[in-house]
Amino acid sequence: FQILGYRIVPVDSSVLGARSAVTEPWIEQIIVSHPEAKDKELETLLYIARKNVEKTLTYNSLYVASLSPRTVVYKGMLKSKHLIHYYRDLTDPRYKVQYALWHRRFSTNTMPRWPLAQPFRVIGHNGEINTIQGNYNWTHARSSAFEHPNFGFRMQEVLPPCLLENSDSGNLDCYAELMLQCNREIPEALMLMVPEASKPNGRTGGSTDVVQDFYDYWGALQEPWDGPALLAFCDGKYMGASLDRNGLRPARYFQLKDGTTVVSSEVGILDKEKFSPDCYLSKGRLGPGKMVAIDLSTGELIENDDIKMRMAQKRPYADWNKVFRENLPEVPFLGHEHTDKALKAVEENLILLQFDQGYTLEDVEMVIEASAQTGKEPTFCMGNDKPLAVVSDKPHVLYDYFTQRFAQVTNPAIDPYRE
């Protein structure tokens, strides 16, 4: 690479709080070029260079907020209203952009730090990734098998994609970024990482068979990164927002007659005194698993069904499913060996059998009976105050020794299709 320019980013440190001021980093910008590489090849080389830096230096030493020919990231550990005052570039009249993604949430499930402030390089995330431990483990386990012609023999230089010092949102961004480097567009990457909820008949609500073929194919290869999550995204080609299948975060979008499009989590983001009802061309909201995107080259607002159809039609997923996917036949719950005599013996010894298997009265009355009566898993208090199995002197079934590692009390009851 050749260094074309270098500057110290002008900031106003007086707006920082006490803790932010103590850990305030030295912020610089370096503009680089490559004598030969262009377009996708240039993006790949920049990505490889940054990943090599991350392997050498921790975030405490150096953090690269962005190294891209398409986007520039300004962020910090400060109040959202102070961002524009801290970075003097943002009030400079010479600084003009076509689009902007503005995020006002700190890193989730971790102590706030400058590198973990949002947005990240391609994603701004409102919520948590409750499956982060599994996602992180699976990503590392499969890293040795990753390969792509864009990287060739340099594949190992960008692996593993996720880092322990990252937050859940940060690792989601890292994995999405790897997908982009493998010739995927960001709506496509988020579709395979954060899919819609599947219905019992195997189809997704409102989606066509082409889109479902996409989900069927990737469902066998990629575990979902489950939220709650409202994801604002931008890679310089597409910009938009996507809601995970739980749908527990608000998201609305507005299209104005002057060509401006706004996506936000709040209804009142636009001042009604400045934007009268006559200014609006259209309005909408994101439901569970839905997405809206803007093509930054054309300015077109693309709603859920259209953007997903475009992404799903890029590859022959239906043909691939016929070749690589095998549907196992349904097996009846009760086989031929279960005679009336055997069933009667089970009924007569039901209490003893339940005791042997570790069932409690609560399991039977609140879970099994309710499931049998309603045809779905019951919902009740999310808190669980019974003693941990590992410190109990009573016998427990195996799964009592495992618990979910997220704040259950923050989430309302969820229907079984999206659980």
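Biologist: Hi! What is the strand order in the open sheet of three strands?

Modeller: The order is β7-β6-β8, and the pairing is antiparallel. Strands here are DSSP runs of E with at least two residues, numbered from the N terminus, and two strands pair if DSSP finds at least two bridges between them. This is a predicted model, where local features need pLDDT of at least 70, side-chain atom pairs count only at pLDDT 80 or more, and totals for chains, interfaces and linings use all residues. Residues are numbered from 1 along each chain as its sequence is written, and side-chain values use heavy atoms, with hydrogens and water left out.

Biologist: Thanks! Which are the edge strands?

Modeller: Those are β7 (261-264) and β8 (280-285), each pairing on one side only.

Biologist: And how many bridges join β6 to β7?

Modeller: Four bridges link β6 (residues 252-256) with β7. Gln255, for instance, has Thr261 in β7 as its bridge partner.

Biologist: New topic: how many disulfides turn up in the whole structure?

Modeller: The search finds zero, a disulfide being a pair of cysteine sulfur atoms within 2.5 Å.

Biologist: Is Cys174 buried or exposed?

Modeller: Cys174 is buried, at 3% relative accessible area. Buried means under 20%, exposed over 50%, and partly exposed in between (1.4 Å probe, protein chains only). Cys182 also counts as buried, at 13%.

Biologist: Last one: what does Glu43 touch?

Modeller: Leaving out residues up to four places away in sequence, Glu43 touches Pro69, Arg70 and Gln181; contact means heavy atoms within 4.5 Å.
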